[in-house]
Amino acid sequence: MTIYLDYQATTPLAPEARRAMEPWLDKFGNPHSPHRLGREAKAAVEVAREAISGLLRSSRAKSRGVGAELARRPSTTLGTSADDDGQLLFTSGATEAANLAIKGAAWAAPSQRRQIVTIATEHACVLDTVLWLGRHGFEAVVLPVEADGLVDLDRLRAAVGDRTALVAAMLVNNEIGVIQPIAEIARIARDAGALFFCDAVQGFGRLPIPDADLIAVSAHKIHGPKGIGALWVRKGVVIEPLMHGGGQEDDIRSGTLSPMLCAGFGAAAAVAEARVEDDRAHVAALWAMAHERLPDWSVNGSAEHRYRGNLNVRLDGLDAGRLIADVRGVSFSAGSACASGSGRPSHVLKALGLSDAEARSSIRLGFGRYTTEEELHQALDLIIEAAARQRVFA
């Protein structure tokens with residue numbers, strides 16, 4: 001049996017999500033049709049939408065203590081009041097949600113706002129989208145991070161101004177688990193009259209989500225199914241469609257929705273909301289145990305400002321690819337699943353100032369709700385033993 005330690009790539013499907021999905025293997029009605037089968041499918045979609053929106057509302061409410069002043073202050077520029085409600089649009093996943101948010105906001109921005117600002121450690125779906133816009137009439141600004149993986153807020157403040165249409169930043173980094181100061185980043189964007197997009201995929205259902213104008217989330221990172229995500233759009237924020245067609249999602253996102261995937265996403269969100277404190281305590285205990293077991297390994301990124309379900313560490317002289325191949329009983333990675341097989345060192349680790357050799361000697365251990373302490377102990381035994389053998393025969 002394989003011990004699974006790659007929770008940042010995807011999470012095991014929750015039993016509750018599986019049960020919610022199973023009836024829709026046989027119920028084939030189109031949720032956009034007016035007859036009974038269609039209405040039943042539509043009802044399932046809307047129940048799921050409310051469950052996901054509820055988790056988002058509770059996550060945002062928990063952050064209000066951090067940004068209470070921001071939340072109370074109405075905006076008179078591109079952004080709208082932080083207390084306004086928003087709409088949740090289903091997408092095929094976080095990649096589509098990020099593309100829709102960034103391109104949609106850029107295309108809808110006033111002509112004098114032609115700048116998009118983001119951070120060097122963002123996920124490829126954000127970085128590549130911003131850089132694409134940079135080749136199509138916009139100014140793409142990609143800010144560096146410090147050695148701990150955090151952006152310098154003074155540098156960000158200097159970069160954002162009256163030409164900025166959008167600032168994009170992720171809540172929790174998918175490779176190193178570092179938590180960016182999102183509330184402060186959002187304030188800087190709003191003070192300049194720009195919109196703020198938050199890639200909350202790795203933090204959704206786990207951490208408070210500070211106020212943003214656009215928020216991307218994904219089902220399979222919270223024990224839901226693959227192939228579905230969502231974009232939350234604050235009321236009053238205008239974005240242009242990415243795809244054109246039937247306009248099923250409020251005339252912004254076109255395409256027939258899958259009631260089965262929506263139901264699984266909604267069930268996973270409901271469980272995440274009920275278990276958020278238990279899950280947080282569980283991963284914190286696992287992180288502390290794993291960190292203690294690896295005293296000779298260096299943590300990549302801030303050890304303080306991070307989500308504890310992610311432990312990204314390096315051991316000088318280690319070949320991470322070989323280690324992954326040697327430890328066949330454990331599923332773990334050297335970085336983002338989206339970039340696996342490229343042969344290039346992680347752009348996130350390089351942004352921290354690591355050399356190619358240091359980046360290639362790093363591994364990512366991701367754990368969560370269904371990881372037991374016994375499993376993690378066994379996995380660490382195998383990893384430590386294989387790393388020792390590799391260094392002996394190096």
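How are helix 4 and helix 5 oriented relative to each other? Helix 4 and helix 5 are roughly parallel, a label given to angles under 35 degrees, while angles over 145 count as roughly antiparallel, 65 to 115 as roughly perpendicular and the rest as oblique. This is a predicted model, in which local features need pLDDT of at least 70 and side-chain atom pairs count only at pLDDT 80 or more, whereas totals for chains, interfaces and linings use all residues. Residues are numbered from 1 along each chain as its sequence is written, and side-chain values use heavy atoms, with hydrogens and water left out.

**Overall fold**

- The chain contains 12 helices and 12 strands; these are DSSP runs numbered from the N terminus, helices being H or I with at least four residues and strands E with at least two.
- The radius of gyration is 21 Å, close to the 21 Å from the globule rule for 394 residues, so the chain is as compact as a globular protein of that length.
- That radius is taken over C-alpha atoms, and the globule rule is 2.2 Å times the number of residues to the power 0.38.
- The C-alpha trace spans about 65 × 55 × 40 Å along its principal axes.

- An open sheet with mixed pairing is built from seven strands in the order 2-8-7-6-5-3-4; two strands pair if DSSP finds at least two bridges between them.
- Strand 2 (86–91) and strand 4 (139–143) are at the edges with a single partner strand each, so one side of each has no neighbour in the sheet.
- From one strand to the next, the twist averages 20 degrees.
- Strand 6 (residues 195–199) runs parallel to strand 7 (residues 214–218), and three bridges join them; Cys 198 has Ile 215 in strand 7 as its bridge partner.
- Helix 7 (residues 182–191) packs on this sheet and touches strand 3 (115–119), strand 5 (164–170), strand 6 and strand 8 (229–234), where contact means heavy atoms within 4.5 Å.
- The direction of helix 7 makes about 155 degrees with that of strand 6; axes are lines fitted to C-alpha atoms, for helices over the stretch in contact, and angles run from 0 to 180 degrees between N-to-C directions.

**Helix 4 with helix 5**

- The axes of helix 4 (residues 94–108) and helix 5 (residues 124–134) come within 9 Å and cross at roughly 30 degrees.
- Their crossing is right-handed, meaning that the near helix is turned clockwise from the far one by less than a right angle, with anticlockwise giving left-handed.
- Residues making the contact include Ile 102 and Trp 107 of helix 4, and Val 126 and Leu 133 of helix 5.
- By class, this contact has 10 nonpolar, three polar and one charged residues; Ala, Val, Leu, Ile, Met, Phe, Trp, Tyr, Cys and Pro count as nonpolar, Asp, Glu, Lys and Arg as charged, and the others, Gly among them, as polar.

**Helix 8 and its partners**

- Helix 2 (residues 36–62) packs against helix 8 (residues 259–293) at about 30 degrees, with the axes 8 Å apart, and the crossing is left-handed.
- Among the residues in that contact are Val 45 and Leu 55 of helix 2, and Phe 265 and Val 276 of helix 8.
- The contact of helix 2 with helix 8 divides into 13 nonpolar, three polar and three charged residues.
- Helix 8 also packs with helix 12 (residues 373–392), at about 25 degrees and with axes 11 Å apart; that crossing is right-handed.
- Leu 286, Met 289, Ala 290 and Arg 293 of helix 8 meet residues of helix 12 including Leu 376 and Asp 381.
- Six nonpolar, one polar and three charged residues form the contact of helix 8 with helix 12.

- Three strands in the order 9-10-12 form an open antiparallel sheet.
- Strand 9 (298–299) and strand 12 (362–366) are the edges, each with a single partner strand, so one side of each is left without a neighbour in the sheet.
- Strand 10 (residues 310–314) pairs with strand 12 over five bridges in the antiparallel sense, and Arg 314 is bridged to Ser 362 in strand 12.
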